[in-house]
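This report describes a protein model in plain terms.

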Amino acid sequence: MTSPQHDGEVAALRAWAAVAVRQAQQLWPHARKNPRMAVVRFGIEHLATVERLLPAEDPVRATVVPWLGLLMKAWVEGQPQADPGELAAALDHLRWTDRARPLNDRLAMRARTELTGLLVPAEIPSEARDGSGPPELVESLRARLTEALNVLARIVAGDLAMRETVLPAMERVAAQLSSLPGPPENSPPAPPPGEAEAAAETTAPATPRDEVSGEALAAAVREVADLAGRDGVWCMRLLVWLCHTANGTRVTAPEAERELAELGLDQPVFTPLRQLFAALRSDGRDPRALAARVGGVARAVRETLLALPVDAPERIRLAKLHAALLVQGNLLMPETLDFSEVDAAASRPEPDPEARAAWPGEVSAEWYLNIMIDNLWGANGEIDHLERSVAWLRDAIDALPTKGRRAATTRRFLSYLLAQRLVTAGRLEGSLQDGVAALTMAEGLSAADERDHIVAVLSLIAGDQVARRGLDQAAMARLTEEQIERLTDWYATPSPDAGVRVTIAGGLGHAYRDRASRTGDPADRSAAARYLREAVEIDPATIPPLYAPYYPVFRAQLMIALAEVDPRREVVDRAVAEVHAVIEGARMFRREEGRLRLELGRAMLRAITHRSDLSLLDPCIAELSQARALVAEGHGPPLHVEVLIELSKAHWTSAMTGGGHASEDRKASRALRREALEVMTIDVLRQLGAEHALSVARAATGEALWLALRCAEDRRPAEAVEALELGRALVLRTAAAAPGVPRLLADRGHADLAEGWRAQSPRPPLRSASTTEETAQDPGPGLPGSLRRRALAALGVGKGAGARELLGTPDIATLSAALAASGADALVYLVPGEGFRPHIPGRALVLLPGAVEPTVLALPLLLSPGSHQLERYLTATAERTRQAAAQDASPAARDAAEAEWQAALGDLCDWAWAAAVGPVLDSLEPLGRPPRLVLVPCGPLGVVPWHAARQRVLLGGDRYACQDAVISYAPSGRSS
């Protein structure tokens, strides 16, 4: 057990390392352009000191070493004569990065590219080509070029999209290698230290032993094909084993061998297949290597089945086995095997009734395989994949017989999957219509079978998603309570399946966390931590292989949730290690990486704010910046707004701590929040119907207020007004902007999209149904949000750019000219401040006719939250309304509510003068008449009767604002 002092030292070193890495990241573009800058040398020395002090096994080294290698390489190349020691150090660090980080890791890919730059000479010396130079020169060049070829091969293996870019470089290196004289006695060159395994894997020629292995595999597959033609029952038993048994709890190797012997695979001819299947059943230690072996067998099976007649029974059976192998490979490593190679025969029913009877369960083998393939194929979160999946499921439901027990079971199962797809689509694209479609279908399924826990939880998830998108706090609270009740009942039911147990405990942990965030109750937070700890402590070895591909990401999410409810440093560090281990293992989709980094950054930000752990600030910004980069690359568009807002918060927190980059942090925070607001504009336009658009727009108004207040505080009033106008346009102008979209589409040559937009109406896509059959038979149209997504993308506003033009938000010059034309003397935006720590006063933005920009007035009393009078009035108004609507309310209760409302209104009018109206009137030049003011009160200030603001006069009585000014109201400056 380490001492607190030691832990503190390690934490300080890690914080120092995070700062050094962040500086290296900022320095890298400049180092590439001008590597001889002295600051590059300082950056190297900084990282080298951190590297020297970090413990040898500290995970932070995995980031420090690569950036040190990159800066060293830039420095070495910038010197007229490279120092041999510095060159060796750069090579060592880049080689370590190449070996230690995953194939598809972006930092490793960059390091490999720079490593090849050091290994490959600009040209081969003539004395090496003609053999006149020393043998050591030739062998050194041969070793470096061979290593470079292997490194280039790993770049392609990490990202197949790089193949066309890397191939010319590989050809050039190969040409240089072939120009060298042959090695002595025709022996192959020995790779440099650490390269032997890679050379053997990537460049060694096939040996006779390899050919025998290939022949043995082909012979085993031919024997399977022969048996498939003669014995459909045996082939079905093998398929059952691959689809069900192999995905059960892992067993020992001898037990796996016994199972395979019972299938008759203990014959010598089946040795290659038996070895693979035994590994699938008992060994999950190296999923990448195992997936590669599965892919090799799948290719051999495909070659054999393609040679068979299209309608041959053995082709149908082999096609199903081939599809099952592809499923296994992609369960091991997502997206490693291509589902487009599935043969059409896999979807045909088994011709032998006895063989069909050997398949367990109500859903047939072909349906099972199609569903598994669809699940895995659509799991990467690409909306196009989801659209095709939804279309396939709808067609499949329509094609089922209307009667029969198996057809009814299949219909219910497919309807459940369709509801899942719609839930995912609503989350990915943010369309409330998609979410409502999912909720309608899930509720119909749940009503048909109230005992189905999974469908009930899906219904709750769909409802929560719709409530969150619409900021319906009451609905979110109700759904959280229902989720806790349902999962608690399920938790009390004994279940031997670890995959189910981790889902229940994790779901309860998340539900209690959500309730704790609303109630602030320590008991809820404690319950959340207890359930989350139980979930993460379940032995991963007990998770069935069918769930195993998803478990690492799910467990990382649980660790992050635990860090949110228990933000102690050791819990946060454990979550960081878990997330990074999952990412480096590469067993996930890129959108999942973006989600994990976002959630981790959010948890770190909570630890910073609640425990004042500022050493987490730079790592937090780094995580969120990487999440933003993933979104920018197209991985996880629905995360865009969340990532921008959380990164904006992190930069603002950094600015508030008074660091050396406070000014840059404030600027970055404002820019990120402005970008988030523009992306939210597209989110609003994507909704179908004004009601859904308004629900989504409510979230944007809060962000607009945040941005406007910070811009005003930083003396940037024009930007503050632009933010307010954009936020208010989302609420006021969206319904008006949407009808103009078809015209713009038609003008730009998208007549089909224009017609589709006009035809689309905001109707519920699915009838509510009391039976599963009704729900399934009326699946409605495709994804409701799809057409709007395509249309907005066609207009070039798919990611936020150009959305403001659709809404027609005015700039300062337009507002100033309109104000002059209206005859008003001032347009006044009232922006509430924030009364919690740090205290930020409210602001009035006063725009005069013809002015270049508004004047900013600080209003210390204009706070929300923080103004007692405003909060009292809002509470009294709600109680007065409730008592008036309650049929059983007593006259005394109604009178008390009315009296409290009258008293609160009086206090509010007194406060309104001191908080805003008095300072605004004092700021105006005397006109000889009452000034004409147009007020735009923002946020909760819209409930205040500003014209009734009053002040006490010396001779007694009150004087109201409407006696000193002509006051009118406008929802925005555009409407003034």
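## A helix pair and the whole protein

Helix α3 passes helix α4 in a left-handed crossing, meaning that the near helix is turned anticlockwise from the far one by less than a right angle. The contact (heavy atoms within 4.5 Å) includes Leu68, Met72 and Trp75 of α3 and Leu87, His93 and Trp96 of α4. The residues of this contact divide into 13 nonpolar, 3 polar and 3 charged.

The model is predicted: local features need pLDDT of at least 70, side-chain atom pairs count only at pLDDT 80 or more, and totals for chains, interfaces and linings use all residues. Residues are numbered from 1 along each chain as its sequence is written, and side-chain values use heavy atoms, with hydrogens and water left out.

Two packed helices are described by the angle between their axes and the distance between the axes. Helices α3 (residues 61-77) and α4 (residues 84-100) pack at about 140 degrees, with axes 8 Å apart.

The protein holds 42 helices (H or I, at least four residues) and 7 strands (E, at least two), taken as DSSP runs. Of its 976 residues, 51% count as buried, that is, under 20% relative accessible area with a 1.4 Å probe.

| Residue | Relative accessible area |
|---|---|
| Cysteine 243 | 5% |
| Cysteine 909 | 7% |

A search of the whole structure finds 0 disulfides, a disulfide being a pair of cysteine sulfur atoms within 2.5 Å.

How values were computed: Buried means under 20% relative accessible area, exposed over 50%, partly exposed in between (1.4 Å probe, protein chains only). Axes are lines fitted to C-alpha atoms, for helices over the stretch in contact, and angles run from 0 to 180 degrees between N-to-C directions. Ala, Val, Leu, Ile, Met, Phe, Trp, Tyr, Cys and Pro count as nonpolar, Asp, Glu, Lys and Arg as charged, and the others, Gly among them, as polar.
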